[in-house]
Amino acid sequence: MKKIFTYLWLLYSVLFFTQELRAQKKVSYLFTINGTLARNTNYGEYDYYTGEQDKAIFAVGAFFLRSGLNIPLNKTFTTGINIGLDYHSESQVLAIPYFLNLEITISELDDDRFFIRGGLGKLLKISEAFEKGNYATAGIGYHIATDTSRKYILSLDFHQKQIDGFARGKLNSLSIGFGVLFF
């Protein structure tokens, strides 16, 4: 019972804190979709579903969804807490990374920002289908301001998953991402 009460109190505190900061326009919600390209192993083969030869040289090798809260510390630094869902089709790896990240603004023009970021976290194992291990990310990106209460994000990110019991030890990937930042 103590654990349940502690978790509920922690959840309430986080929600109250983020609502308080949100009212002051100091916290934002982030959602991104990233994808990696891999060599199409079926290139040149006949595809029975489409009835023609597969002419795509590249295929989507991995797909990442990210969601998180960003809190600006000052004009240069922004920190955040994120959770995601990663699927690597070639290696059949499914993972849920949760991590803290830090963004450093390199250049700012009007409301647009060019930044670098890095993050460290863990892989959450909620069932046998999901992997357990460590997670690290680094990347560069660009926030594109709009007239509304959101910004668009373009990014290039490096992801490293150190998976327990994985044959190759680490799974590295480079992804291109698109996201939306809501204020």
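Trainee: Before we start, what is a salt bridge here?
Mentor: A side-chain nitrogen of Lys or Arg within 4 Å of a carboxyl oxygen of Asp or Glu. Bear in mind that this is a predicted model.

Trainee: Fine. How far apart are the closest N and O atoms of Arg 117 and Asp 157?
Mentor: They are 3.2 Å apart, and the two residues form a salt bridge.

Trainee: And where in the chain do Arg 117 and Asp 157 sit?
Mentor: Arg 117 is in strand 7 and Asp 157 is in strand 9.

Trainee: Are Arg 117 and Asp 157 buried or exposed?
Mentor: Buried, both of them.

Trainee: Which residues are linked with Arg 117 and Asp 157 in a network of salt bridges?
Mentor: Glu 103 and Arg 113. The side chains of Arg 113 and Glu 103 meet in a salt bridge of their own, at 2.7 Å from N to O.

Trainee: What does the Arg 113 and Glu 103 pair tie together?
Mentor: Parts that are ten residues apart in sequence, because Arg 113 lies in strand 7 (residues 112-124) and Glu 103 in strand 6 (residues 93-109).

Trainee: Why does Glu 103 count as buried?
Mentor: Because its relative accessibility is 1%, and the cut-off for buried is under 20%. Arg 113 is buried as well, with a relative accessible area of 8%.

Trainee: How many salt bridges does the structure hold?
Mentor: Five. One of them joins the side chains of Lys 161 and Asp 86, at 3.0 Å from N to O. Lys 161 is in strand 9 (residues 150-163) and Asp 86 is in strand 5 (residues 77-88), so this pair ties together parts 75 residues apart in sequence. Lys 161 and Asp 86 are both buried.

Trainee: Switching to the surface. Which residues make the nonpolar patch?
Mentor: Tyr 29, Phe 31, Ile 33, Leu 37, Tyr 43, Ile 57, Phe 58, Val 60, Phe 63, Tyr 87 and Phe 182. The patch covers about 1,100 Å².

Trainee: Which strand gives the most to it?
Mentor: Strand 1, with four residues. Strand 1 (28-39) and strand 4 (58-72) each supply at least two.

Trainee: Where is Phe 58, then?
Mentor: In strand 4.

Trainee: And why is Phe 58 called exposed?
Mentor: Because its relative accessible area is 54%, and exposed means over 50%.

How values were computed:
Residues are numbered from 1 along each chain as its sequence is written. This is a predicted model: local features need pLDDT of at least 70, side-chain atom pairs count only at pLDDT 80 or more; totals for chains, interfaces and linings use all residues. Side-chain values use heavy atoms; hydrogens and water are left out. Patches are made of residues with over 30% relative accessible area and no salt bridge: like charges are joined within 9 Å, nonpolar side chains (Val, Leu, Ile, Met, Phe, Trp, Tyr) within 5 Å. Accessible areas come from the Shrake-Rupley method with a 1.4 Å probe; for residues, only the protein chains shown count as cover. Buried means under 20% relative accessible area, exposed over 50%, partly exposed in between (1.4 Å probe, protein chains only).
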